[in-house]
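Colleague: Before I use the labels in your notes, I would like to hear how each was assigned. Please take me through them.

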Amino acid sequence: MKTLAFRFAFLTIVWLTLLSMNGNAQLWVQSEPTETAVDYVFETIKVPGVEFLELTSTNDLGHFAGNARGLDSEKMVGFTLIDGVYAAYNVPNSRTFGIYGLNNAGLAVGFYQDADEVSHGVIIQHGELEEFDFPGAAETEIFGVSESGLLIGDIFDSDGVIHGFVGNELFDVPGAMTTYADDMNADGILVGSYVDADGVYHGYARQADGSYITFNFPGMLSNLEYLFVNAINDAGIIVFRAKALNSPERTYIRHPNGTMNELKFPGSVTTVGRDIDKDGRVVGYYDAQDGRRYGFIANPFTGETAEAYSNVFLVSLAQGLNMLSVPLNPTTPMTARSLAQMVGATIVVDLDEENQRFIGWTPDAPDDGFSIEGGKGYIVNLLQPREVSFVGAAWKNQPPIVAAPSAETISGVWAFVISGHLESELNHDGYVVTVQNLDTGVTTTGDVRNGYFAAATANISRRNIAQVGDMLRITVTDTTGAIASEKFDFTVTPDALINAVLPVRLDGVGTPERTLLLQNYPNPFNPETWIPYHLSETAPVTVSIYDANGGEIRTLSLGFQSAGFYQNRSRAAYWDGRDDLGERAASGVYYYRLSTPSLHQMKRMVIAK
C-alpha cells in the first residue's frame with residue numbers, strides 16, 4: 001500500500017437549490033462564500049496480480065469492497081478486502097459483476113448482468129452469493145445497503161423507466177423522468193441523482209420524513225453530461241461525481257455547511273470517488289498515466305504535514321531489470337511488498353551493506369519484506385514498462401535527490417532470484433538455502449522464514465549472471481549449519497529469465513529419501529575421520545570398523561537416531577582411529593559398515609601415516 005498526500009484549497013460555492021416538496025428544506029445552506037482549506041492524505045490500494053482495480057465501498061471498520069480485473073482476464077469481478085484478506089467473487093456465465101455497497105456487518109451488495117445484458121441484484125454474506133430481484137421489476141441494480149440491512153438501488157420497469165428503491169419501497173423524485181438511488185446514512189437520509197423532463201441531471205437528498213432537497217452543479221447545467229451522487233456519511237458529507245461534455249469525469253466533496261471541493265489523486269488522469277465513512281475517509285479509484293486503474297483511500301488531514309507530502313516525481317521504468325531509488329518519503333513506511341505493488345515488480349532486491357550480500361523478495365513471500373529507505377538503490381524487474389508517480393516529502397538525513405532517479409536497464413539478466421517454499425510440517429525458520437550455479441560457479445544464500453526463502457544475486461556492473469539452461473544446485477542447512485536436505489537440481493527456464501526469478505518447491509527437507517552410508521572424510525586420514533550417513537526413519541544405528549582381513553576392530557554404538565542427515569562433524573559418526581582396546585590402528589585399508597534393523601551398507605577407507 002503506497003501513501004500519498006495532497007492539499008486542496010478551494011472557495012465555498014453556493015450550489016444547493018432548495019425545493020420545498022414536502023415542506024421541509026432545512027439541509028445544508030451556506031449564504032456567503034468563504035475560503036476553506038482541506039487536506040487529504042492518499043493511500044493507493046493494490047492487490048498482487050490485479051492490474052485494474054476499482055474501490056467502490058467501505059465501512060466504518062476499515063473494510064473495503066469493489067471490482068477488479070486480473071492480468072489474464074477481461075472480465076470484471078467483485079471483491080472484498082476484509083482485514084487485509086482479498087476475496088474475489090464471480091457469478092458464473094455473467095457478462096459483468098460488481099460490488100457497490102458494504103455495511104459494518106460485512107454485508108456486501110451489487111449486481112451482475114446475464115448473457116442477455118439483464119441486471120440482477122446480488123447479496124454476499126459470509127462468502128455466499130444470493131440473487132435478489134426486486135418484486136415485479138424487469139431489472140435490479142443494487143448500489144448500497146444500510147446498517148439495518150435495507151437494500152438501496154434502482155430498478156427498470158417493464159417500460160424501461162428507472163426508479164429508485166429502498167427496502168421494499170419504490171420511489172421517484174417529484175418531476176423526475178429517471179431516479180437513481182445510491183446510499184443512506186444513519187439518520188435515514190438517502191442520496192442519489194435524477195434526470196428531469198429536459199434531460200438535465202440533478203442531485204438529491206431524501207430525508208427520513210420523505211421530503212426532498214435537490215442540488216445542481218454551478219455552471220455545468222448547460223453542458224453537464226451526467227451527475228451521480230454516490231455516498232453520504234453520518235456527518236452529512238456527500239461524495240458525487242460529474243462529467244461535462246468534452247471533459248474528464250471529476251469527483252467532488254460537498255460538506256454540510258455548503259462548501260465543496262474537487263478531490264483529485266495527484267498525477268492521475270481521472271479520479272472517481274465512490275464512498276465515504278463516518279470519519280470522512282473517501283474511497284474510490286483513479287486512472288494513472290500508464291493506463292492502469294488503482295483504488296485509493298483519501299484521509300482528511302489538517303496541519304502542514306499534507307503540504308510537505310505534496311511533492312511529486314514521475315519515474316519511467318523500463319521492461320526488465322531496473323535500478324531504482326525511491327525519491328520521496330511517503331507518510332506510511334514503504335516495504336518491499338508495497339514497492340512491488342506500486343511498480344508491478346516480480347522481484348525486489350536489496351543490498352545488505354553490513355554483510356555484503358543481496359537480499360531478495362518476491363510477491364509470494366509470507367511477509368512484507370525489508371523496509372525501503374531513502375538514498376538507497378533497489379533492483380526491481382518489470383514485465384511491462386511503466387510511468388510511476390512518487391508522491392511524498394523529502395527524505396531527512398539522507399543524501400539529497402535533486403531529480404527523479406533514472407531507471408536503468410540493459411539486455412541480459414544481471415540480477416536473479418531463486419525463491420520458494422520448504423514443503424514440510426516441521427518449523428524450518430533459521431535454516432539456510434544455498435544455491436550454486438553449476439555453470440558459472442556463482443553461489444548465493446537465502447534465509448528461511450515461515451517456510452519461505454529468496455536467494456538473490458546480482459552484478460552491479462550489469463554482467464549476465466544467469467542464462468537459459470544453467471543448472472542450479474540447491475542444498476539446505478539447519479540452524480547449526482548441518483546438512484538438512486538432499487541436493488535439489490533445477491534448470492533456468494526462459495520464463496525464469498523474463499521474471500528474473502525461478503520459483504521452486506523443496507520437498508522432504510529434514511527427512512532423507514532413503515537410508516544411505518556416505519564416504520568418510522577425510523580419506524585417507526590420520527588419525528581421525530568422520531563417517532556421514534542419511535537415516536530415512538528413526539532406528540538404532542551401529543557403525544562397525546573392520547580390518548583388511550574382515551576382523552572387527554571397533555564398534556560405534558550410536559543408539560536410537562531420529563530420521564535426518566548426519567553429515568557434518570557435529571552429527572556424523574566419529575572414529576578416532578583406535579580399536580576397542582584403545583590401540584591406534586596401523587596404516588592400511590579398512591572397511592566400515594552402517595547397520596540398522598532394515599539396512600546394512602559397507603564402504604572402504606584408508607589410514608595413511
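**Salt bridges and burial**

Modeller: A search of the whole structure finds 16 salt bridges. This is a predicted model, in which local features need pLDDT of at least 70 and side-chain atom pairs count only at pLDDT 80 or more, while totals for chains, interfaces and linings use all residues. Residues are numbered from 1 along each chain as its sequence is written, and side-chain values use heavy atoms, with hydrogens and water left out.

Colleague: What makes Arg206 and Glu169 a salt bridge?

Modeller: The term requires a side-chain nitrogen of Lys or Arg within 4 Å of a carboxyl oxygen of Asp or Glu. For Arg206 and Glu169 the closest N and O atoms are 2.5 Å apart, and the pair forms a salt bridge. Arg206 lies in strand β18 and Glu169 in strand β15 (residues 169–171), 37 residues apart, and the pair links distant parts of the chain. Strands are DSSP runs of E with at least two residues, helices are runs of H or I with at least four, and both are numbered from the N terminus.

Colleague: Why is Arg206 called buried, and why is Glu169 called partly exposed?

Modeller: Buried means under 20% relative accessible area, exposed means over 50%, and partly exposed is in between, with a 1.4 Å probe and protein chains only. Arg206 has 13% relative accessibility, so Arg206 counts as buried. Glu169 has a relative accessible area of 32% and is therefore partly exposed.

Colleague: How do you know that Arg293 and Asp287 are buried?

Modeller: Arg293 is at 17%, so it counts as buried. Asp287 is at 16% relative accessibility and therefore counts as buried too. Their side chains meet in a salt bridge at 2.7 Å, N to O. Glu54, Asp287 and Arg293 are linked in a network of salt bridges.

Colleague: What are the labels for Asp576 and Arg554?

Modeller: Asp576, at 23% relative accessibility, counts as partly exposed. Arg554 is buried, because its relative accessible area is 19%. Asp576 forms a salt bridge with Arg554, the closest N and O atoms being 3.0 Å apart. This pair also links distant parts of the chain: Asp576 is in the loop between β46 (573–575) and β47 (588–596), Arg554 is in strand β44 (residues 552–561), and they are 22 residues apart.

Colleague: Why is helix α2 described as largely enclosed by the rest of the structure?

Modeller: Helix α2 covers residues 336–343, and eight of its eight residues are buried, so the helix is largely enclosed by the rest of the structure. Among them are Arg337, Gln341 and Met342. Just after α2, Gly344 takes a positive phi of about 75 degrees.

Colleague: What makes strand β17 mostly covered?

Modeller: Six of the six residues of β17 (residues 190–195) are buried. Leu190, Gly192 and Tyr194 are buried on one side, and Val191, Ser193 and Val195 on the other, which leaves both faces covered.

Colleague: How do you know that β17 pairs with β16 and with β18?

Modeller: Two strands pair if DSSP finds at least two bridges between them. Six bridges join β16 (residues 178–184) to β17, and the two run antiparallel; Thr179 stands opposite Tyr194 in β17. With β18 (residues 201–206), β17 pairs in the antiparallel sense over six bridges, and Leu190 stands opposite Arg206. The hairpin of β16 and β17 has five residues between the strands, with Gly188 at a positive phi near 80 degrees. In the hairpin of β17 and β18, which has five residues between the strands, Gly199 takes a positive phi near 80 degrees.
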